[in-house]
Amino acid sequence: MAIAEDNPGGRRRSPPLLRHLRKGAATIGAVLITMLGLLFVTFLIGRVMPVDPVLSVVGERASKEVYDDAFRAMGLDKPVLVQFAYYLRDVLHFDFGTSLLTARPVSEDIARVFPATFELATLGTLFGVVLGVPLGVIAAVRRGSWVDQSARVVALIGYSMPIFWLGLVGLLIFYGILGWVGGPRRLDIFYQDIVEPRTGLLLLDSALQGEWGVFRNAFSHIILPASILGYYSMAYISRMTRSFMLEQLGAEYVITARVKGLPERRVIWRHAFGNIKVQLITVIALSYANLLEGAVLTETIFSWPGIGSYITTALLSADMAAVLGGTIVVGLIFVLLNIFSDLLYKFLDPRAK
Amino acid sequence: MKPFRKMLASVVLGLALAAPGAPLYAETPPNMLVIANRIDDITTLDPAESFEFAGSDVIRNIYGKLVNFDPMNLDAGYVPDLAESWTVSEDGRTITFKMREGVKFASGNPVRAEDAAWSLRRAVILSKTPSFILTQFGFTPENVEETITFDADANTVSITTDKRYATSFVLNCLTATIGAIIDKETVMANEVDGDMGNAWLKTNSAGSGAYTLVSWKPNESVTLKANPDFYLGKPAMDRVIVQHVAESATQRLMLERGDIDVARNLNPDDIAGLEGKDGIAIDSELRGRLMYISLNQKHPVLSKPQVRQAIKYLIDYQGMQDSFLKGQYVIHQNFLPATYLGAVDENPFSLDIERAKALLAEAGVSDLEITAGVREAQERLEIAQSLQNTFAQAGITLNLEVGTGKQILTRYRARELDMYIGAWGPDYPDPHTNAGTFAYNPDNSDEAQATGLLAWRNAWDTGGLTEKVAAAVVEPDREVRAQMYRDIQAEFRETSPFAIMFQKIEQIGRAENVQGLSLGGAITAVSYWTVTK
Amino acid sequence: MSRTSQDRQTWRQWLLTDTPTSRAHARAVAAYNGWLRLRANHMAMLGLYILLALLLVALLAPWLAPHDPLAQDLANRLQPLGTPGHPLGTDSLGRDILSRMIYGARITLYIVTLVALIAPIVGLLVGTVAGYAGGWTDAILMRVTDIFLAFPRLVLALAFVAALGTGIENAVLAISITAWPPYARIARAETLTFRNSDFIAAIRLQGARPLRIITRHIWPLCLSSLIIRVTLDMAGIILAAAGLGFLGLGAQPPSPEWGAMVAEGRKFILDHWWVSTMPGLAIFTVSLAFNLLGDGMRDVLDPREGKSG
């Protein structure tokens, strides 16, 4: 731990352990407040939406009696704050309620849909980082060269293309015509229900259980949507990397380093790149969180049973238990990723101290 | 830069190593039927509660009913299923069913008269949305013990209605999803808090039909397994998997690739694209769903009789049928779908701007601006925009309020829309199902909250049709009854605030080797047990 | 700027002088120099020309469009490219795609302008204030940002549209409301890196007030990242508007909004690819233009970049 920082003011400070505990408590408090705010706003949204949640339960042809019974059973006759209090009490008992649409506990639904999105987003971000960061660095170093120009074109195209169009065309070419990749969904029918879901991540589960046939099939299904998401993530990351790098390369210390005759590679990767790591991680975390939130359109095109389409469907049907549950999960991830990048900031960036 | 090249090389290498090659199966296994369909409307698989298209498809293949439709001969109407025969009492109020001997549930339990009576009672007691199909005969949770009875020794079930109805009406209602016969012992073993197994049945099955439920994964798939003891013989397809695929284009690609056997939500342009492809056949089947527009009678102008009629002449029926609805909707201007008892095929309206203008002038209407609610679905939006276009030619400005199905429905049920562009599918294969909603509205007041009735939603008092509908439903003579419905429809066309426009034709893309799939026509749901490859 | 000085020198000389006579003069000189640098960047100028063309097309739409964008002709639906009278074909209701695209330029400009005004400014304000002030202000502002950021975007946008009513203005507002938190975070991160820097400390020692430091010294420094982000976000914003339109909450039919046209045409993508591709290309071109211009402007605006080539 590199927290042995100097203490210029010479003020008396509490012992390190206590300080850490206090910091930790403050962080947890912040998370809780954020989550509470998130839940309350979501809850209010559910009440503002011009969709009648009872309709989702009873359908459009229900008689008045059936409708009224359902209305009461859902507790909708109580004041909003009371409903929210009930909801919070249940959440504290880890009970997220039952989804109207799937007739299952929301927690069970999320355990099923979230890994699908997680797998897709992680792979997509991986592509984005592995390709985008080096591309951005090179584009900055060779500013104006053909590498820079082509990197720019590639990124711009990625950024300007409607994703569902790209998805459909990708499916048409790589699946419909060439047959190189698997079609929509996570697996071919033949491979379904072979692997026992432990983590819910098909690639991991199948690898752990030695089902390589399933692994290959799952990979053939995920590769196309992940590449498309990866392309978008790459476009963003490479542009941001380039911009950060340009800033560093113009800085005094780089010029000094060059004047001192340090090898160019060392200047670029050790000095300049070293200094943009923190900014870069913030950007990557943001982009990752965006994918995790659910690339709803990609999930639709590829019939990918992920959390993005789960929340959207639920929202449009006023299935608020499902929306709230999904929002908590997505929100928590966002908050945790932010704390993570904040922490990194404190550890890695000398200027932020 | 070198590090970049190194990284790139390792990525490319990694992808190459992991590259999957061509998928192993270019076609589905011979004993498995794989269907792509939109199944996101399923919220339960309990027959007493299920009320959606995809749900009734599943339930029809899992549960037997007292009377049912033969998928290979739908024109025959209801035929014996778990009841092998029935008799009607002198006063016409009691029907007694003789149960078929030796039939077993998938659990191995025998199908008894007690199960049949219990299943119907259960549906009434649970009083979920579709329960009105049974309770319209006077059954209530309080009286089911007396009105729905069984005789274990004679193996018979009797139902007694509150008054005399056409027998065909009662039996038609029993073919609906809610008429499914459930295995009492299995379900009651899974009862929670006196819910008669409702929670358990949402995701499990306990029937005697051709298939049993393996799993229902919401928005993903429904998997069915053949019931080897099915009384009509074990079906040829061991497994039926219905996958949720939302996009038409995606369904088409999967069908072309051989990853699925049947695609059920192809739009007309994708159907045209599939036509003539090797190994793929297109089927068309007339379904019961109607596309209509309706005018809110609370609106001071739309409630004028001439305006109502004028609107009916401002619809480009032919143009729509021949373009974006091609092959999937056929012009139909009456509330009973073709093939129903009493259905008529008179379609007197066509696009006639001059006539509409004259009618509007007669009503003293000019510069009319109205807002129509329409849900976000391709064909409906196209219809809506076509209406915008033709209405404008007669000086009517049509604004659209587009939203999700539930949003628009919420407004429609609250009687808030000027105009609604929507669809209606019959609940059971009897003319009363549509007559009882389009032309029946005993109490038109806001307080009545008869939100299930289309006439009420449009604040239309039916101008005397309510009584005629009530009379038709109790008429025992089939031909007289049919004529009554023809007369009601003739009047309805001229006086109602509804412009019925089209009847649905379902077009599916099917792998050529798949034979014997019946979608159920206008009267019932799909049947998988007749399918062979 | 006196009349006499104008008589003696040309405007150009006045703008290029090394010895500005007033504060306003100095600013004009800086702006003109920036413009010259921007003009030297061909790609950026290309972007600018495209955007000017867009502006022109939007202004002259009634004279440029060969047909009424709403006129339907069901008999001639889904005509291919190059059909006589319909150079870009027709859509599923037989409407001329070219005319619809020309009119759609107006809607696109409208959306882009509004969102680009609202979201970054809110984000900049919140982010810099939080970053500079630190402490409780930072904690509270960042919690609020976190709450908004943690929201699945569509849920938030839907909710706002649901509350405000459908229509393109409300869609724009909803998108702006979901779009500002990332700007706030970026602005805050930038502010944190500057806050303790020597030059800010120097300004502080000179007695500058916090508000002045934020608006005069921190904002310009954050601007480059924000501009890149905004330009890169433009296509996303247009597509987000289309996404809302797709759910029936944005542009209402028959409005020829480009994104909605893409969404509408995607149903025919396999056999009639042009129906969604043509408006898609329009979106693509405009966002490309934004990207090119933003990139060029970044070079000009960024005070830290004087030296590098």
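The contact (heavy atoms within 4.5 Å) between chain B and chain C takes 27 residues from chain B and 25 residues from chain C. The model is predicted: local features need pLDDT of at least 70, side-chain atom pairs count only at pLDDT 80 or more, and totals for chains, interfaces and linings use all residues; side-chain values use heavy atoms, without hydrogens and water. Residues are numbered from 1 along each chain as its sequence is written, and chains are lettered from A and ligands numbered from 1 in the order in which they are written.

About 2000 Å² is buried between chain B and chain C, with 48% given by carbon and sulfur atoms. Buried area is the accessible area (1.4 Å probe) that two parts lose on being put together, summed over both. Between these chains, 2 salt bridges are counted. A salt bridge is a side-chain nitrogen of Lys or Arg within 4 Å of a carboxyl oxygen of Asp or Glu. B:Asp269 forms a salt bridge with C:Arg77, their closest N and O atoms lying 4.0 Å apart.

Chain A is divided into domain 1 (32-95) and domain 2 (110-352), with bounds from an automatic or database domain assignment. Their centres, taken over C-alpha atoms, are 35 Å apart. In contact are 12 residues of domain 1 and 14 residues of domain 2. The domains of chain A bury about 1100 Å² between them, and carbon and sulfur atoms give 83% of this area. A:Met35, A:Thr42 and A:Tyr87 supply 38% of the area that domain 1 buries against domain 2, more than any other three residues. Between the two domains, 0 salt bridges are counted.
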